[in-house]
Amino acid sequence: MASKAANSSSLDLESNKGSSLENNTTMSPKAINDANFSGLLSNFLSVYWKSLIVVVWPIILLPLIILSDDKMFRCLYTVALMAMFWVTEVIPLPITGIIPIFLYPLMGVMDTAQTCNCYMNDTTMMFVGSLVIAVAIEHSGLHMRVALLIIKTIGCSHRNLSLGLFFVTMFISMWISNTAATAMMLPIVEKVLTELEAQGLGVMFVQEKESEGESESPKRPTKLTMSYYLAAAYASSLGGIGTLVGSGTNLTMKGIYEARFTKSPGINFAAWMVYAVPAMLIMGTLIWLWLQVMYMGMFRPNSEDAKAVNIGPEGEKIATTVIESKYKELGPITWHESSVGFLFVSIVLLWFFRKPDFIRGWPTYITNLTVKDSTSAAGLIILLFILPARLDFLHSFSRDPSKRPTKPSPSLISWKIINQKMHWSLIFVLGGGFAIAAGSQSSGLSSMLGHALIGLKTMNPFWILFVVTLFAETATELTSNVAVANIILPVLAEMSVAIQIHPLYLMVPAALGCSFSFHLPVGTPPNAIVSAAGKIKTKDFIIAGIGPSIITAIVATASFATWGVYSFGLQEFPAWAV
């Protein structure tokens with residue numbers, strides 16, 4: 001952009017010179033210098049805008065702490081600084097996340113020990129545990145086996161295959177990162193479409209018209225190809241809302257909520273799934289139908305899109321062969337996969353039944369102390385490093401020397417694998433959000449925000465809920481979903497207190513909205529992956545995302561205002577929130 005701006009200024013100058021000569025007039029030196037300066041300034045701003053924000057924004061905020069010595073405004077200075085840095089990403093998100101460790105003690109908001117406690121609390125430890133579980137599942141290959149098995153069972157016509165792809169991706173994304181879920185499914189899709197194309201039963205990409213200056217005409221994806229790639233991206237984003245550990249925004253909401261409302265009962269795994277899984281399935285079904293109508297000719301049997309989808313028995317047989325060959329490549333199920341699968345099911349049950357509300361939680365049979373989900377996560381991590389990935393030791397006393405192990409079996413997961421695949425940076429982003437919530441409460445900033453928002457009490461809570469969800473969805477299109485959650489959730493907590501409604505009534509839908517990014521390739525990693533792999537243009541993303549954005553906003557609002565209220569017990573404003 002910088003060079004374009006400079007070249008544009010240069011061309012404009014040459015054009016002005018030409019016209020001046022024709023009219024026997026000359027351009028003044030001042031006008032030439034002004035033109036040169038505007039081009040240089042534009043170039044400077046396009047190159048150094050991030051550095052300017054880093055330097056100028058803290059200076060702009062200085063009146064907050066100069067005009068008032070109140071601790072509340074010193075906290076507001078830190079929050080405003082972090083909000084700008086998170087939205088613009090002028091420095092890495094995790095580095096912005098540790099700003100409170102530096103500023104809070106020096107500004108007298110909270111001491112160092114209190115601030116650092118925000119970075120490794122119960123929620124953060126649960127997040128680490130969920131990441132380790134996801135890495136272990138990927139490392140064992142269990143996720144691929146489950147995906148192929150389900151797709152093979154559903155069927156391999158284009159409609160069945162896209163349905164299987166969508167819901168398998170969504171299910172897997174409930175437990176591992178949306179990026180990994182998308183990256184895992186795309187090779188399967190590509191292999192099926194390539195084989196069908198080789199047999200003359202479909203086309204993945206078509207040539208566009210050549211334009212001037214291009215040596216080779218670019219390729220664009222067919223509608224059929226786009227439907228598969230977009231399904232993978234959208235399903236992985238939707239799957240993250242299904243469980244507390246499915247997305248960083250969910251755990252961010254949990255941490256901020258429990259840090260702000262220390263006397264609340266907290267959020268348990270079971271209540272979240274009781275609400276979120278039905279909502280996720282409704283959203284997924286409607287978005288899958290949207291893609292079918294848009295790109296696969298559903299309800300338009302005579303359209304070209306519908307004809308492209310109809311591959312007949314021969315095409316289905318080819319697709320089935322591809323899926324079966326992929327499954328056979330995995331070989332028989334291993335001890336490694338079955339062990340990880342057993343531990344995965346165990347941890348889900350432990351989380352679900354820790355405090356299910358309809359029966360006694362399992363910790364009450366063991367201790368009178370409070371046991372949270374991070375305890376189960378820590379126990380699972382320990383077992384992953386204890387249990388062997390192979391049963392070589394059973395042959396230690398074999399009569400056949402070749403079968404006797406010469407070195408110990410590796411554990412189900414190794415620290416090297418975790419170190420390579422873990423998203424360590426998110427711990428600091430989460431911690432920064434928790435520090436904002438804790439600092440706001442400690443400094444009195446929360447109370448000030450509550451009084452400022454009390455005018456919203458006259459509005460219908462349902463419409464506030466809808467606006468909040470829509471705002472979260474819109475904001476996350478432009479920046480990191482966890483960063484957006486860290487900025488808006490503390491404000492929503494105070495808004496809830498001001499208008500006397502349960503804090504979860506606004507905070508949960510907002511957290512869900514932060515996971516919904518459907519319009520831009522840069523909105524979320526899955527979008528970026530499918531945009532590059534499928535050669536999908538930004539304008540196609542914008543059009544395709546209209547339906548999912550409307551569907552998720554409406555379903556999230558309607559579902560939370562109905563069974564969400566009963567799932568979390570939000571009928572009354574709680575006394576502990578005052």
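How many cavities of 30 Å³ or more does the structure hold? There are four of them, where a cavity is a set of points on a 1 Å grid over the protein atoms alone at which a 1.4 Å probe fits but cannot get out, and a volume is the space filled by probe spheres set on the points, which are joined across faces, edges and corners. This is a predicted model, in which local features need pLDDT of at least 70 and side-chain atom pairs count only at pLDDT 80 or more, while totals for chains, interfaces and linings use all residues. Residues are numbered from 1 along each chain as its sequence is written, and side-chain values use heavy atoms, with hydrogens and water left out.

Begin with the largest cavity, whose volume is about 50 Å³. Select Leu-193, Gly-202, Val-203, Met-204 and Leu-224, which lie nearest its centre among the ten residues that line it, lining residues being those with an atom within 4 Å of a point. Helix H11 (178-198) and helix H12 (223-239) are the elements that each give two or more residues to this lining, helices being DSSP runs of H or I with at least four residues, numbered from the N terminus. The largest share, three residues, comes from H11.

Next, move to the second largest cavity, which holds about 40 Å³ of space. Select Ile-151, Leu-161, Leu-165, Met-185, Ile-188, Val-189, Val-192 and Tyr-228, which line this cavity. Helix H10 (158-173) and H11 each give two or more residues here, and H11 gives the most, with four residues.

Definitions and conventions: On a 1 Å grid over the protein atoms alone, a cavity is a set of points where a 1.4 Å probe fits but cannot get out, and a pocket is an open set with protein on both sides within 12 Å along at least five of seven lines; lining residues have an atom within 4 Å of a point.
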